[in-house]
Amino acid sequence: MSFPKLRLRRLRKSENIRRLIRETNLSVDDLIMPLFVRPGKGTKQPIPSMPGNYQMSVDMITEEAKELEGLGIPGIILFGIPEKKDEMGSGAYTDDGIIQQAIIAIKKAAKNILVITDVCMCEYTDHGHCGFVRRDDRTGHFDVDNDMTLELLVKEAVSHAKAGADIIAPSDMMDGRVAAIRDGLDEHGFEQTPIMAYSAKYASGFYGPFREAAESTPGFGDRSSYQMDPHNASEALREVSLDIDEGADIVMVKPALAYLDIIRRIKDTFDYPVAAYNVSGEFSVVKAAAEKGWIDEKRVALEILTGIKRAGADMILTYWAKDAAGWLKKYV
Ligand SMILES: [Zn+2]
C-alpha cells in the first residue's frame with residue numbers, strides 16, 4: 001500500500017524542517033509604518049477606531065520614528081493633519097506645512113529610517129476630495145479638475161523632497177500624476193528620489209477608520225470617479241502599466257486583503273517592486289475581534305502579513321509594523 005501524502009507530512013513534523021522548507025519568510029525588512037502628524041507640542045492623541053495608533057505632534061512623531069528605527073523598520077509613511085483646511089489644500093505644499101516640518105525633524109533625529117510621504121490633497125482640502133473641485137456649469141455637478149490638481153500635486157511633491165523626503169508616494173489617482181511629479185522632481189534636482197505610486201487603489205469600504213485618523217472624509221460625493229471599481233482586475237494591470245510608463249519605481253495595491261489576486265497578477269506581469277497597503281479597516285476588524293477575545297491578534301496579524309507577502313508583495317504598509325517588528329524578533 002502506498003501513502004503518497006506521507007511524503008508531504010514527513011516534512012512538516014518538526015519546526016526545524018518547517019523552517020528549512022518555508023517558502024515565504026516575513027521579516028521586519030518588509031514593513032513600513034504609517035504615521036499621522038498633527039499640529040501642537042507634546043501631543044499624542046489616540047485614534048479610537050485604530051487602537052494603538054495616534055495623531056502625533058512633530059516632537060512626538062520624531063521620538064516615534066527613532067523608536068521604529070531602533071526596531072529595524074526600514075521606513076515610515078507620513079500623513080498630515082493640517083492646522084486649517086481650504087479649497088486649494090494649501091497646507092499640502094507650503095514649506096512650513098505640517099508634513100514638511102515633520103520630515104525635517106525626523107531626518108535630523110532618525111537618519112536611518114526612510115521617510116516616505118503621501119502626496120494627495122484630501123487631507124488638506126475643506127471638502128475632503130483628493131484634488132481641486134470645480135462645478136460643472138452645464139450639469140451643476142461638482143467634479144475634481146484633473147489638470148489643476150496635477151499642478152498642486154507637483155508643488156506638494158517638490159516641497160516634500162526639498163524638506164528631505166526619501167520617497168514620494170502619490171495616492172490621488174489623478175490622470176498623468178506620476179509623469180507630472182517625475183518631471184517636477186527632476187526639474188528641481190531630485191532625479192534620485194523614487195516614486196511609489198498608489199497604482200491600483202480601489203474605492204473601498206476598508207478605508208473607514210483611516211478617514212477618522214486623517215480627518216479626510218469627503219464632505220459630499222465619493223471617490224469612485226477616480227478610484228477603481230472592486231469588480232475589476234485587468235483594469236488594475238492597465239493602471240500599473242501606465243504608472244510604470246510614466247516613471248513609477250514602486251507600484252502599490254490598496255487595500256491588500258480583498259485584492260491578493262491583484263498583487264499576484266501585477267507581480268507576475270511586471271516584475272516590478274510591489275507595495276501592498278494593509279489598510280485601516282483590515283487592521284481594525286482584527287483589533288476589534290481580538291478585544292472581544294474572538295481571535296488571537298498576533299497569530300492572525302502575522303498570518304495576514306505573511307499572506308500578503310506570499311501573494312507577491314515586496315513591502316507592506318501596515319499599522320502592525322511596530323508590533324510585528326517585536327513579534328518577529330523572537331524567531332531570529
Ligand atoms: Zn486622497
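**Close-up 1. Buried residues of helix α12 in the predicted model.** In helix α12, which spans residues 321-329, the buried residues are Ala321, Ala324, Ala325, Trp327 and Leu328, where buried means under 20% relative accessible area, exposed means over 50% and partly exposed lies in between (1.4 Å probe, protein chains only). The elements against which the buried residues of α12 pack are β1 (31-37), α11 and β12 (315-318), with contact meaning heavy atoms within 4.5 Å. Helices (H or I, at least four residues) and strands (E, at least two) are DSSP runs, numbered from the N terminus. The model is a predicted one, in which local features need pLDDT of at least 70 and side-chain atom pairs count only at pLDDT 80 or more, whereas totals for chains, interfaces and linings use all residues. Residues are numbered from 1 along each chain as its sequence is written, and side-chain values use heavy atoms, with hydrogens and water left out.

**Close-up 2. Packing of helix α10 with helix α11.** Two packed helices are described by the angle between their axes and the distance between the axes. Helix α10 (residues 280-291) packs with helix α11 (residues 297-311) at an angle of about 160°, and their axes lie 10 Å apart; the axes are lines fitted to C-alpha atoms, for helices over the stretch in contact, and angles run from 0 to 180 degrees between N-to-C directions. α10 is therefore roughly antiparallel to α11, since angles over 145 degrees count as roughly antiparallel, under 35 as roughly parallel, 65 to 115 as roughly perpendicular and the rest as oblique. On the α10 side the contact is made by Val286, Lys287 and Ala290, and on the α11 side by Glu297, Val300 and Ile304. These contact residues of α10 and α11 comprise four nonpolar, no polar and two charged, with Ala, Val, Leu, Ile, Met, Phe, Trp, Tyr, Cys and Pro counted as nonpolar, Asp, Glu, Lys and Arg as charged, and the others, Gly among them, as polar.

Close-up 3. Glu297 belongs to helix α11 and is buried, with a relative accessible area of 18%. When its neighbours within four places in sequence are left aside, Glu297 is in contact with Val286, Lys287, Ala290, Trp320, Asp323 and Trp327.

**Close-up 4. Packing of helix α4 with helix α5.** Helix α4 (residues 98-109) and helix α5 (residues 146-163) pack at an angle of about 25°, their axes being 8 Å apart. α4 is therefore roughly parallel to α5. The crossing in which α4 passes α5 is right-handed. Ile99, Gln100, Ile103 and Ile104 of α4 make the contact with Ser159, His160 and Ala163 of α5, and the residues of this contact divide into four nonpolar, three polar and no charged.

**Close-up 5. Asp143 in strand β7.** Asp143 is located in strand β7, residues 142-144, and counts as partly exposed at 44% relative accessibility. Apart from its neighbours within four places in sequence, Asp143 is in contact with Phe132, Val133, Arg134 and Ser225.

Close-up 6. Most residues other than glycine have a negative phi, and most peptide bonds are trans. Met173, found in the loop between β8 (167-170) and α6 (177-187), has a positive phi near 70° and is buried at 8% relative accessibility. Asp271, placed in the loop between α9 and β11 (274-278), also has a positive phi, near 50°, and is exposed, with a relative accessible area of 61%. The peptide bond from Lys254 to Pro255 is cis, with omega near -10°, and Pro255 is found in the loop between β10 (250-254) and α9 (260-270).

**Close-up 7. Cysteines Cys120 and Cys130.** Cys120 is buried, with a relative accessible area of 1%, and Cys130 is buried as well, with a relative accessible area of 0%. A search of the whole structure finds zero disulfides, a disulfide being a pair of cysteine sulfur atoms within 2.5 Å.

Conventions: Left-handed = near helix turned anticlockwise from the far one by under 90°.
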